[in-house]
Amino acid sequence: LDAPGVPHADGMIEDLEARAPDPAKLDAALAELDAKFPPADVTLYVAMCAELWPGSSELRAAWERRSA
């Protein structure tokens with residue numbers, strides 16, 4: 001949540017609509033996660049984020065690329 005600029009308190013997001021990830025930071029955030037965690041885990045995380053923010057076409061596209 002920190003890397004793509006989503007404000008939170010210990011992982012809890014108060015307002016999902018107002019707190020969407022910054023699309024400009026998404027690729028760097030995913031690269032950072034890929035360096036730390038197994039790809040399948042990162043893909044699951046991206047899938048959950050895409051469901052939390054259905055209006056984010058960037059998240060949806062990242063999920064679709066990773067799950068292809």
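At roughly what angle do the axes of H2 and H3 cross, and within what distance do they come? Before selecting them, note how the model is to be read. It is a predicted model, in which local features need pLDDT of at least 70 and side-chain atom pairs count only at pLDDT 80 or more, while totals for chains, interfaces and linings use all residues. Residues are numbered from 1 along each chain as its sequence is written, and side-chain values use heavy atoms, with hydrogens and water left out.

**Stop 1: H2 and H3**

Select residues 39–52 for H2 and residues 57–67 for H3. Helices here are DSSP runs of H or I with at least four residues, numbered from the N terminus. The two axes cross at roughly 145° and come within 9 Å. An axis is a line fitted to C-alpha atoms, for helices over the stretch in contact, and angles run from 0 to 180 degrees between N-to-C directions. The crossing of H2 with H3 is left-handed; that word applies if the near helix is turned anticlockwise from the far one by less than a right angle, and right-handed applies if it is turned clockwise.

Next, show side chains. On the H2 side the contact (heavy atoms within 4.5 Å) is made by Pro 39, Val 42, Thr 43, Val 46, Ala 47, Cys 49, Ala 50 and Glu 51. On the H3 side it is made by Leu 59, Arg 60, Ala 62, Trp 63, Arg 66 and Ser 67. By class, the contact of H2 with H3 has nine nonpolar, two polar and three charged residues. In this scheme Ala, Val, Leu, Ile, Met, Phe, Trp, Tyr, Cys and Pro are nonpolar, Asp, Glu, Lys and Arg are charged, and the others, Gly among them, are polar.

**Stop 2: Thr 43**

Select Thr 43, which is in helix H2. Is Thr 43 buried or exposed? Its relative accessibility is 17%, so Thr 43 counts as buried. Buried means under 20% relative accessible area, exposed means over 50%, and partly exposed is in between (1.4 Å probe, protein chains only). Leaving aside residues up to four places away in sequence, Thr 43 touches Trp 63, Arg 66 and Ser 67. With Arg 66 there is also a polar contact between side chains, at 3.1 Å. A polar contact is a pair of N or O atoms within 3.5 Å; within protein, one must be able to donate a hydrogen and the other to accept it, and residues adjacent in sequence count only if both atoms are side-chain atoms.

**Stop 3**

Select Ser 56, in the loop between H2 and H3. Ser 56 counts as buried because its relative accessibility is 10%. A polar atom of the Ser 56 side chain lies 3.2 Å from the backbone nitrogen of Leu 59.

**Stop 4: H1 against H3**

Now select residues 23–36, which form H1, and keep H3 on screen. H1 and H3 pack at an angle of about 35°, with their axes 10 Å apart. Their crossing is right-handed. From H1, Pro 23, Leu 26, Asp 27, Leu 30 and Asp 34 meet Glu 58, Leu 59, Ala 62, Arg 65 and Arg 66 of H3. By class, this contact of H1 with H3 has five nonpolar, no polar and five charged residues.

**Stop 5: salt bridges**

How many salt bridges does the structure hold? It holds three. A salt bridge is a side-chain nitrogen of Lys or Arg within 4 Å of a carboxyl oxygen of Asp or Glu.

- Select Arg 66 and Asp 34: their side chains meet in a salt bridge at 2.7 Å, N to O. Arg 66 lies in H3 and Asp 34 in H1, so the pair ties together parts that are 32 residues apart in sequence. Arg 66 is partly exposed at 25% relative accessibility, and Asp 34 is partly exposed at 34%.
- Select Glu 51 and Arg 60: their side chains form a salt bridge at 3.8 Å, N to O. Arg 60 is partly exposed, with 27% relative accessibility.
- Select Lys 36 and Glu 32: the closest N and O atoms of this salt bridge are 3.4 Å apart. Both residues lie in H1, four residues apart, about one turn of the helix. Lys 36 is exposed at 56% relative accessibility, whereas Glu 32 is partly exposed at 40%.

Conventions
Helix = DSSP H or I, 4+ residues; strand = E, 2+ residues; numbered from the N terminus.
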